[in-house]
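Let's take a friendly tour of one protein model. Have a look at the sequence and the structure first, then read on.

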Amino acid sequence: MAKIVLGMASSHAPQLAMPPEQWRSYGDRSRTQNSHWYQGKTYSFDELVDLRAESHFDQECTDDKFQARYDACQRAIKHLAQTLDTVKPDLAIILGDDQHEAFVDDNMPCISIFNGATLDDAPSDGGFAFRDPKVDNAPAERITHPGDEKLGDYLIEKFVEHEFDVARTNKIPQGRREGAVGHAFYYVYRRLMNNEVIPNIPIMVNTYFPPNVPSAMRCYNFGKVLRKAIEEWDTDKTVAIFASGGLSHTVIEEDLDNAVLEGLRNDNVKLMTDYPDVRFRAGTSEIKNWIALAGAMHGTDLKANIVDYIPCYRTEAGNGCAMGMAEWV
């Protein structure tokens, strides 16, 4: 039977490859946004500043702290990459969200499993967030990576057997990336696999766009079925499962992050899932990919190690991205 030999979770936000001297100007975008999700409600920027004034987030937005947190992020990413290189799994399954890169509102599946033979990464245009190309490790031209058709088909069949009505795609839709994978997946290829990509199955989870978002508990149960399916797969291959995205952003909620991380450490389902779904909106919704991974790790002999938790603030309102890196080894 196949064996899960590694679990790995990482944030994938632009700040991870953005020179820290640009964090402040990047944060200025928040000042003109109409609304910001925080603890299940939306606020204007000024309302958020007033609401969180006692936290003194302006003191978190110094050049020294930007640099220290950037450096800590790079160390944690390097640690994950080294762990992956040491374990050397045969296959990877990547849980990630799609932010209108492939799927748009005319067809937005709740969960879609890729079952194609190949999939592409392509250079990024940068969009609204500059990334240092050397740090980002983006390919110079479009490149093709291996999928695994048989595993994709097998997983789809197993999830249907367990009453999950999953979508399937054997070719990444054109979207705004012209058929190349979105950032949740290319982050894993570039930063953790160093573009030496092993056969992999992207599983696209619609965390971002209600109304058809899976609940936190649904994601945890999805992970449990994923583990069962892998362990019943008639092969001797070794498998790593990745969660890409999170933690809380674009407004950082350290209380929520710390509760979820404590749940991950101790396999405490209540700490990970016992929230109204509205707590998981915008970037914070990507925590659900971690929760699905936690479900997959439940019942294995792998133990959670939180490599680092780095709240990367960029405004006095507490905007930013809470970076997390974790492994199950």
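How do the axes of helix α8 and helix α10 cross? The axes of α8 (residues 254–266) and α10 (residues 287–297) come within 11 Å and cross at roughly 10°. That makes α8 roughly parallel to α10 (angles under 35 degrees count as roughly parallel).

Before the details, note that this is a predicted model, where local features need pLDDT of at least 70, side-chain atom pairs count only at pLDDT 80 or more, and totals for chains, interfaces and linings use all residues. Residues are numbered from 1 along each chain as its sequence is written, and side-chain values use heavy atoms, with hydrogens and water left out.

**Helix α6**
- In helix α6 (residues 183–192), 10 of the 10 residues are buried, so the helix is largely enclosed by the rest of the structure (buried means under 20% relative accessible area, exposed over 50%, partly exposed in between, with a 1.4 Å probe and protein chains only).
- After α6 comes N194, with a positive phi near 55°.

**Salt bridges**
- You'll find 19 salt bridges here (a side-chain nitrogen of Lys or Arg within 4 Å of a carboxyl oxygen of Asp or Glu).
- R190 pairs up with D136 in a salt bridge, their closest N and O atoms being 3.0 Å apart.
- R190 sits in helix α6 and D136 in helix α4, so this pair ties together parts 54 residues apart in sequence.
- Both R190 and D136 are buried, and they join D121 and R177 in a network of salt bridges.
- E316 forms a salt bridge with R31, with the closest N and O atoms 2.9 Å apart.

Terms used
Axes fitted to C-alpha atoms, helices over the stretch in contact; angles between N-to-C directions. Helix = DSSP H or I, 4+ residues; strand = E, 2+ residues; numbered from the N terminus. Parallel < 35°, antiparallel > 145°, perpendicular 65-115°, else oblique.
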